[in-house]
Amino acid sequence: QKFDFGGELYGSRFTTRPPEYILGREDWLYITPFTRYKPFKGLQFTLGVDILLLGNEETTEPPISGSYPNYSKWRITGRVNFSPSTAFYISPTFIGTDEPSVGHERRSASQAQGGGYDYFDKQDLFRWALEKQVGGVDAVQLDLEKLRRERMKAEEELKKLKKKLEEKKRSGGK
């Protein structure tokens, strides 16, 4: 249950051949036998060996003297996969590989049947993030009130200027 064995086959084939001076213009194919170790459900280590099956023939004309192979005959590959829980999905990250478990979506505390508080739905999470980012709904209300006061002051100033302009016109523009 902690080890998997497998193989991959991957490569590339051109439908129309690129010009001779393009490096890597050959068709190629690798086969990769690999082994995968899973210490937990959400963590996997993969180790494999790529073996070149097709692509030995060099058809590239190198622009400089000297020849570099386009594809290595073999190479060792490794990969680490980690699947942690996210804000929207609880995954069984650190549960043993022999234990039965299934991930599930997070729910808000009001939606949770067990009354757990570690559940969130997307709307609750975005509301929380918005409140944290701008200082909460109260801060937004204060900003709106400040803008309203500034607008009222500007309107009063405009009224005063209009009144002065009208008085100037009545007095004959002096």
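**View 1. The whole chain and its surface.** The protein chain exposes about 13900 Å², with carbon and sulfur atoms supplying 58% of that area; accessible areas come from the Shrake-Rupley method with a 1.4 Å probe, and for residues only the protein chains shown count as cover. This is a predicted model, where local features need pLDDT of at least 70 and side-chain atom pairs count only at pLDDT 80 or more, while totals for chains, interfaces and linings use all residues. Residues are numbered from 1 along each chain as its sequence is written, and side-chain values use heavy atoms, leaving out hydrogens and water. Of the 174 residues in the protein chain, 20% are buried (under 20% relative accessible area; exposed is over 50%, partly exposed in between, with a 1.4 Å probe and protein chains only).

**View 2. The fold from end to end.** You'll find two helices and six strands in the protein chain, and along the sequence they read β-β-β-β-β-β-α-α. Helices (H or I, at least four residues) and strands (E, at least two) are DSSP runs, numbered from the N terminus. Take the contacts between residues at least 6 apart in sequence: 49% of them join residues at least 24 apart (contact means heavy atoms within 4.5 Å).

**View 3. The four-stranded sheet.** Here four strands make an open, antiparallel sheet, ordered β1-β2-β3-β4; two strands pair if DSSP finds at least two bridges between them. β1 (3–12) and β4 sit at the edges, each pairing on one side only. From one strand to the next, the twist averages 25 degrees (axes are lines fitted to C-alpha atoms, for helices over the stretch in contact, and angles run from 0 to 180 degrees between N-to-C directions).

**View 4. Strand partners up close.** β1 and β2 (residues 28–40) run antiparallel and are joined by ten bridges, and Gly-7 has Pro-33 in β2 as its bridge partner. Next, β2 and β3 form a hairpin with two residues between them, paired antiparallel over eight bridges. Arg-36 faces Thr-46 in β3. β3 also pairs with β4, antiparallel over nine bridges, and there Gly-48 stands opposite Thr-77.

**View 5. A nonpolar patch on the surface.** Leu-9, Ile-31, Leu-47, Val-49, Ile-51, Leu-53, Leu-54, Trp-74 and Ile-76 make up this patch, with about 860 Å² of accessible area together. β3 (43–54) and β4 (74–82) are the elements giving two or more residues, and β3 has the largest share with five. One to look at is Ile-51 in β3: it counts as partly exposed because its relative accessibility is 36%. Patches take residues with over 30% relative accessible area and no salt bridge, joining like charges within 9 Å and nonpolar side chains (Val, Leu, Ile, Met, Phe, Trp, Tyr) within 5 Å; a salt bridge is a side-chain nitrogen of Lys or Arg within 4 Å of a carboxyl oxygen of Asp or Glu.
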